[in-house]
Protein chains: 2
Amino acid sequence: MAAKSRLQNELKKNLPFISLKEEALLNIMRTSDQMENRIGKTFRDFGLTASQYNVLRILRGAGEPLPALEIASRLIQVVPAITGLVDRLEKQNLVVRKRCTEDRRVVYVEITKKALKIVDSLDQPLAKIQEELLGHMNQKELKELIRLLEKARESLH
Amino acid sequence: MAAKSRLQNELKKNLPFISLKEEALLNIMRTSDQMENRIGKTFRDFGLTASQYNVLRILRGAGEPLPALEIASRLIQVVPAITGLVDRLEKQNLVVRKRCTEDRRVVYVEITKKALKIVDSLDQPLAKIQEELLGHMNQKELKELIRLLEKARESLH
DNA sequence: TGAATATAATTTACATGTAAACTAATTGAG
DNA sequence: CTCAATTAGTTTACATGTAAATTATATTCA
């Protein structure tokens, strides 16, 4: 019924608040967007994008070359994205591709010394930004926030 | 020794989190990514992307044509993105551009009836997904999560 | 063994976000 | 009034995320 539909829309438009679930979802996405944005600026100051930094951080953490898909799975990215990402990192001499000899389908990605220096030099600035972004929350609040977000993600398992 | 946190296991990270702040930030971003991903699939089922849906939802909520930059500001997107977004929506006959006669710099974007139908038809599926994603959290938890995220964003003001 | 599958990456096509430069139109100070 | 500054949008250039198809290699099982 057209009239009823319009009325429903009218009511929806004027509702002072949305459902708690919708409000929570919007809060999660909005907070994430803004934090990513803030952190991303620091990466750009160092000539990296957030994705590029994450690849390098994973490689540093691993302490050894990793297959491309292994990196992709840790980034939770779709497979094709990793190819271009590694392409651009390789172009900047931040990683090296090495074809595996036992299984020639596998491409190992190795971080270079140049990249290690950059990633290391980002540790302090990043710690500072984390302090800037969440320094006003106390330990109890941070733990509760983490708990609630982990619980929220349980629906995705 | 305390068991590794859930996120650490998910990311197969070798090193422990340096700080609660870092863990909280990663939890925020990861949760957002996964929820966006899940919701995005529904939009695609209806021939829309998340960004396109958000533009249409804003226009429906406004109840009147809005200037392009007004839409952009509500989406918290950078200015140039809105042009292409409106281009693609216009190509699908979901919005119409109307140059303002008083101030010819301004472009009003108006939602079409076709688009209104689509957005309306998404209300129920979206409510269902919200239930699927956060239905296992009780009201108290949702309110606390919202409060903590709002507090987290205070540092960005 | 050999065909059917599965796996690791890549390629292609498209939508989007970001930054910087540019155009058109309006405004405001002198 | 006039010209510099501002404002609304667009264009361009690039990095990224998503999906589908493709290539090369490896594995499995009849």
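Chain A and chain B bury about 5600 Å² between them, and carbon and sulfur atoms give 65% of that area. Buried area here is the accessible area (1.4 Å probe) that two parts lose on being put together, summed over both. The size of an interface is often given this way, as the accessible area lost when the parts come together. On the chain A side, A:Leu20, A:Lys21 and A:Arg153 lose the most area to chain B, together 12% of what that side buries.

Before going on, a word on what you're looking at: this is a predicted model, where local features need pLDDT of at least 70, side-chain atom pairs count only at pLDDT 80 or more, and totals for chains, interfaces and linings use all residues. Residues are numbered from 1 along each chain as its sequence is written, chains are lettered from A in the order in which they are written, and side-chain values use heavy atoms, with hydrogens and water left out.

Now, who takes part in the contact? Chain A brings 56 residues and chain B brings 59, with contact meaning heavy atoms within 4.5 Å. How do the two copies relate? Chain A can be laid on chain B with an RMSD of 0.3 Å by a turn of 180° and a shift of 0.1 Å along the axis, and that is the relation of a two-fold axis. The same surface serves both copies, as 89% of the contact residues of chain A recur in chain B.

Across it the rule finds six salt bridges, each a side-chain nitrogen of Lys or Arg within 4 Å of a carboxyl oxygen of Asp or Glu. A:Glu131 and B:Lys21 meet in a salt bridge, at 3.1 Å from N to O. There's also a network of salt bridges linking A:Glu141 with B:Glu144, B:Arg147 and B:Lys151.

Which parts of chain A touch chain B? Helices H1 (2-14), H2 (20-45), H3 (50-62), H4 (68-75), H6 (113-134) and H7 (139-153) of chain A each supply at least two residues of that side. Helices (H or I, at least four residues) are DSSP runs, numbered from the N terminus. H2(A) gives the most, with 18 residues. By class, the side of chain A that touches chain B has 19 nonpolar, 15 polar and 22 charged residues. Ala, Val, Leu, Ile, Met, Phe, Trp, Tyr, Cys and Pro count as nonpolar, Asp, Glu, Lys and Arg as charged, and the others, Gly among them, as polar.

Zooming out, the structure holds 24 salt bridges over all chains. In one of them, the side chains of A:Arg38 and A:Glu132 meet at 2.9 Å, N to O. A:Arg38 lies in helix H2 of chain A and A:Glu132 in helix H6 of chain A, so the pair ties together parts that are 94 residues apart in sequence. A:Arg38 is partly exposed at 23% relative accessibility, and A:Glu132 is partly exposed at 39%. For those words, buried means under 20% relative accessible area, exposed over 50%, and partly exposed in between (1.4 Å probe, protein chains only).

A:Asp103 and A:Arg105 also form a salt bridge, at 2.7 Å from N to O. Here A:Asp103 is partly exposed at 24%, whereas A:Arg105 is exposed at 70%.

Key. Least-squares fit on C-alpha atoms with pLDDT ≥ 70 in both.
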